[in-house]
Structure formats: structure tokens, C-alpha cells
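This report looks at how two chains are arranged and how they meet. The sequence and structure are shown first.

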2 protein chains.
Amino acid sequence: VSIIPAKDEVLLAYKRVEPHVHKTPVLTSTLLNEIAEAQLFFKCENFQRGGSFKMRGAANAILQIPESDRNKGVVTHSSGNFAQAVSLAAKSIGVPAYIVMPKNAPQVKVEAVKGYGGQVTLCESTLEAREKTSKQIEQTTGATFVHPSNDIDVILGQGTASLELINEVKTLNTIITPVGGGGLLAGTALATSYTLPNCRVIAGEPIEANDAYRSLQSGNIEANTTTNTIADGLRTTLDNYNFPIIKEFVNEIICVTEQEIINAMKLLYERMKIVVEPSSAVALAAILKNKQHFQNQKIGIILSGGNVDVSKLPF
Amino acid sequence: VSIIPAKDEVLLAYKRVEPHVHKTPVLTSTLLNEIAEAQLFFKCENFQRGGSFKMRGAANAILQIPESDRNKGVVTHSSGNFAQAVSLAAKSIGVPAYIVMPKNAPQVKVEAVKGYGGQVTLCESTLEAREKTSKQIEQTTGATFVHPSNDIDVILGQGTASLELINEVKTLNTIITPVGGGGLLAGTALATSYTLPNCRVIAGEPIEANDAYRSLQSGNIEANTTTNTIADGLRTTLDNYNFPIIKEFVNEIICVTEQEIINAMKLLYERMKIVVEPSSAVALAAILKNKQHFQNQKIGIILSGGNVDVSKLPF
């Protein structure tokens, strides 16, 4: 497949999700500007409902299900931010959410999903078990399956963060996001290409899970060879719906080390006074690693989320 | 003394400091509203320049010095947020800042002050040594001394945070701040009484440093009997300029335990995704301790600052 949604669809997605998401603030920091030698605009999706941008894609995907089916609910398998996002978006829209989670998921994540109203089914931690359990729930409940990143409506929803950012800041030379499963990056690239066509869209990725970097190099979807990164939200890979969009609209992917991620994360805590998860720090780390390429630019940074165990920070 | 500044002076202070301070965002959290059973509006002075509300008072006090004297600079003795605030405000205004700090102050705080452009003089850690060193600097440089909390211009500056909060949220039943030296509380009480007269102004205070609570009870300025609190910004005491204002306009002071402070601080990190110093959590702790008194109210909470060692969080 290679579906590139039109501009209309991008703008309609924003109208659709707007009542269900926070318009998150854009923060700036003189100190970080001095460090980066550029003007940084941080779109704080760590303050988003559910603690990450994934609320946007979840809401858009659920609202795109025809109403008769939608009332039967949605199902997904995830142990991360998308599980919380689907639970909360479904609650906000008024339909049931069935979340398949691996038995070995941390109890705190299971509780968070339940707290947002999701109905949790535990299964073995293999992908096969998760998919089989999801299928069973689809069949018994009539719920619709929603994929965390490889779904056009999810991609369109994730792009609404950069629409808000562009609408607020007006001019930007570059927008950067982290890349994991590719939903945020594809959505951002799409929305930016239609509303601020001269703005470059780039991504930061951990060297330890650099499938997107290698996919862009080779022109084909590559697998991860390791996923040994602190950025737990970025261990997933691109797929057939988001890769064509990324290939078409993304200018560059910059890979960073684990230490660079931790250093950038600490800067965000110390200088910006905000709580972000490691994945969010990957984008800032990529800018700081290549300062000379971004000097004096206006750079939008999507801070993807803030779901982290604050009693176990890596610094 | 018992000077109660007029409404004009409150509004003029805002015009004066506005070019030198950030208009900090007001954040809300559905989850914290549910926990508190009230509507909470967090005025994020942890995002203020210099990392705390003290920038406001420092800027106003410096700008109130007659210009011929102002150019000779300002001097203060502090090892906390006020040292950073005076350094940054002086830099912003274009005059020198002389900061007297105790020899045993953490190196990281000395570096922070230098980073903001302050000229640091180290001395013995006794109050006598600090005052003597400040006096010497006043005499040799002609710099003007500025007190961190017991100064009418500092008080007026600190009150500008609640002016912004009231201007943004319009209606509030209660505004709460932490209380340490009393500058923020007095300024908030004054500004609120003039611009939102039916709004109650209250404070949270650590039981371990409850001089303000006992002062309000007795009607006289009381000393701290202990200062054994994690809220290091609140170990100071009220004094003759701020106490009359607090006595006149503050409705109540609520005391909280160390564990209540830490619990509230963790909630702010986990739910609001923001970095605050322990002193900031004292106000939220006071609300949560007395939920039944605030049910369904609209409550403004001044989050005083975010200067904390994030590698040594108490949870």
C-alpha cells in the first residue's frame, strides 16, 4: 500500500479530535536556546491527556469507525502509552476499550489502563498470543482493532500536534520528533508538508533501535537488530502504512547514543522543569548532537510523552 | 512599621516587572481535580526565569532603586532562589549583582548564581558574617541591599504572579501559596484583595517550620522552633514588613507533615509531569489534607519554583 492522505483529511482530523485532546502548551527556554544556539519551541505532549501524543491518534481512529461498529468498542494490544491512550479516548468518546496486555507487564501500567477505564485481558507475552487474544475479543465483542502506529487514521491524529505547533509559532525551519513505530513521524511530516511546506521534518532515533534510519537509507522497511534502549517507546518498527509517508516527506533521521538520550533528558528536567519519558529526549539529543546544522534556526520539538517512573530516573 | 501599599502600587509593579519576567502558564489536570474533588489551577512559577517566582520581586525591587544608585548595583545574601533571581534580574536590567553566599553553600548553587551573572563573595555561614560582608560590599561599591522577603517592593513584585493568575482564570474561590519568609504570601494576599476581593487567600506551611502559623495565631512574629523540613525554601521567618499584610489579608495557614509534602510532590511529577521543588508541593499538600473544606471550589495554586536536584528526589 502507499496511501498519502490529502490536505483536507489532515485538517478534518484536527476538527475531529479537538474536543477530546488538550491543546498542549508550547514552552521555550532561554537557557536551552543558548545551549543549542538556536530557537527551540517545545510542544509539550507530555502534558497531553493520558500523558502522551498517542491520545490524538487513538481519538481520531476511534471516531473514524462507523457509529454502529464504534459502539461495540475498540481493541488493541499494547503495554505502553497507546494502551492508556485508547482507554482514555474510548472513555472520552463513550465506547468500551479492550486492552490486551502481556502477563509480565508492570502492574503500575495495568493499573493505569484500568484507571482510564480500559478492560484489560492478560495473555502470554509473545506477539502471537497478543494477536490471537485480540482476534478473540474482536470476534466475541464486535470491537474494532486499532493499531498503535501503522494506521492512516492514527497517523492523521498524531499529526495534529504539529498542526497546533505551527499554528502557534507560525514560522519554523525544522520540526523534529522521535521515531519508533512511525505514527508520530509520519503524521508530523504529512501535516507539516501541507501547512508549512518549507519546514524540514526530521527525526531522532536511538542507535540501539535504528530501524527507521536504516529503512530510509535502504528504501525498504528494515527490522531492528537490537532494541536495547532506555527509550522504551521507540523499540517498535515502521510498517507499510507509515513508511511510504516517511519516505516521501521526511528529510533526515539522526541517531543518538544512550548517554546522549540521558543527558538530553536531564537537561529537560533541570532547565525546562518538566517530566518527560526517555523517548521525548531523543529529539533534543539529536539537535544537540548536530548543533552546527541547526544554528540560529527556529526548531519545533515534539516532546512525545511524560509516562516514566519518576522514582527510577536514569540520573 | 505597618505599610499597606495601595491598589495603584500593585498594578504599577506589574507594569514595571512585565518586560523582565515570563508570563508563566496556568496548567490544569483532570486527574488531580478528581483527587482533590475541586478545580485546581496551577500557576507554574517553576517555569519562571531563574526557576522561581523570586525573579518578580527581585526585578521590582531593583527597578525601584533611583537610577543613579541602581547603576552601582545591588547586593543580597542568600544561598537559595533569591540569589539566582537577583543575579538574573540585575543582568536583565543591566546593573551589577553582588551575592554573598556562605562558604558551605553547595557548589552547584554557587555555579548557578555565577551562570546568571552574579558576582559571588563567599563568607562564613553565620548571619553576622553574611550581614557584615554585605555591608562591606555596600560601602565599597555603592550597591543597594535588597532583602529576599521583608521589603515592600519585593512583596509587590511577588504579588504579580497572582495578578496574572486572576487575569487568566477570572474567578477563583481560593488562592494558596507556600509560606516561608512571607514575601510571596504577603504579595499574593495584597494583589488578590484588590483585584478579587471575595477570593480567600491561604497558605501551606511545613509543621517543621511553622512560624507563620503560630504568628497568625498569636498576633506577633514568632520564631521557628525547628527548620527540619525538606522544603528548604520555607525555613525562613516572617518579619515586620510582610507580617502586617499577612495579618490583615490572609485567611488561614494550614500545616503539613514531611510525608504529606513528599506525597504531593510526587503527584505533581507523576500527574502534572512537572518538576517542582519541595516548597511548591506544600500548597497542594495543604489542599489535599483538607479536601472537605475545598470541595468543588476553584482553587489557584502558586507553584513557587522548580530548583531542585533532580538526581536526589525524595521518592
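## Contact between the chains

Residues are taken to be in contact when their heavy atoms lie within 4.5 Å. The model is predicted. By the contact criterion, 20 residues of chain B touch 20 residues of chain A. Of the interface residues of chain B, 100% are interface residues in chain A as well, so the two copies meet through the same surface.

## Buried area and polar pairs

The size of an interface is often expressed as the accessible area lost when the parts come together. Between chain B and chain A the buried area is about 1700 Å², and carbon and sulfur atoms give 65% of this.

How many salt bridges cross the interface of chain B and chain A? The rule finds zero. Polar contacts, in turn, link six residue pairs between chain B and chain A, with both residues at pLDDT 80 or more.

## Make-up of the chain B side

On the side of chain B that touches chain A, helix α13 of chain B (residues 258–272) supplies the largest share, with four residues. By type, the residues on this side of chain B comprise twelve nonpolar, five polar and three charged.

Notes: Residues numbered from 1 in each chain as written. Chains lettered and ligands numbered in written order. Predicted model: local features only at pLDDT ≥ 70, side-chain atom pairs only at ≥ 80, totals over all residues. Heavy atoms only, no water. Buried area = accessible area lost by both parts, 1.4 Å probe. Salt bridge = Lys/Arg side-chain N within 4 Å of Asp/Glu carboxyl O. Polar contact = N/O pair within 3.5 Å; in protein donor to acceptor, adjacent residues only side chain to side chain. Helix = DSSP H or I, 4+ residues; strand = E, 2+ residues; numbered from the N terminus. Nonpolar A, V, L, I, M, F, W, Y, C, P; charged D, E, K, R; others polar.
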